[in-house]
Amino acid sequence: MEELEKILKRNDAESTLILDVLRALTVFGGCLWLSELGDAISRVRLGETGYVFDEKAVLKALKKLSSLGVVSLEEKVRASDKASGEKDFLIRLVSEEARRLLLGDPVINNYYSSIAKQGF
């Protein structure tokens, strides 16, 4: 987890995206479809990501997190309006240590605060 801590302390585009992926997974129960990830990040960031969601960069971030043992990726069929469903990647947060690293995260705290203000 030392490598993940270093990544989270950096202030570059790749590290920000990695951190946003972890935030989204943490907030939304530790499991998301790849096709949902952009929207989930936008919601956690309250619509203010400060960058354009780039699928190539996301896949690179996910590969990095997977190589660190933080997430698992599994190609599955997701339910959809098509009878046969749609192929997608299921992303799971498998590291409790990664969750702990996000305790007190200001972006996550802002998200929860906005939800509380809305009365949900």
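Author: Happy to! The largest pocket has a volume of about 160 Å³. On a 1 Å grid over the protein atoms alone, a pocket is an open set of points where a 1.4 Å probe fits, with protein on both sides within 12 Å along at least five of seven lines. Grid points are joined across faces, edges and corners, and the volume is the space filled by probe spheres set on the points.

A word on the source: this is a predicted model, where local features need pLDDT of at least 70 and side-chain atom pairs count only at pLDDT 80 or more, while totals for chains, interfaces and linings use all residues. Residues are numbered from 1 along each chain as its sequence is written, and side-chain values use heavy atoms, with hydrogens and water left out.

Lining residues have an atom within 4 Å of a point; among them are A13, T16, Y51, F53 and D54. By class, the lining has 8 nonpolar residues (Ala, Val, Leu, Ile, Met, Phe, Trp, Tyr, Cys and Pro), 3 charged (Asp, Glu, Lys and Arg) and 1 polar (the others, Gly among them). Two helices, α2 (13-27) and α4 (55-67), each supply at least two of the lining residues. Helices (H or I, at least four residues) and strands (E, at least two) are DSSP runs, numbered from the N terminus.

Now look at how these helices meet. α2 and α4 pack at an angle of about 70 degrees, with their axes 9 Å apart. That makes α2 roughly perpendicular to α4 (65 to 115 degrees counts as such). Axes are lines fitted to C-alpha atoms, for helices over the stretch in contact, and angles run from 0 to 180 degrees between N-to-C directions. E14, L17, I18, V21 and L22 in α2 touch a set in α4 that includes A57, V58 and K60, where contact means heavy atoms within 4.5 Å.

Elsewhere, an open sheet of 3 strands has the order β1-β3-β2, with antiparallel pairing; strands pair if DSSP finds at least two bridges between them. β1 (31-33) and β2 (71-78) are at the edges with a single partner strand each, so one side of each has no neighbour in the sheet. β2 and β3 are joined by 8 bridges, and β1 pairs with β3 over 3 bridges.

Technical notes: Angles under 35 degrees count as roughly parallel, over 145 as roughly antiparallel, 65 to 115 as roughly perpendicular and the rest as oblique.
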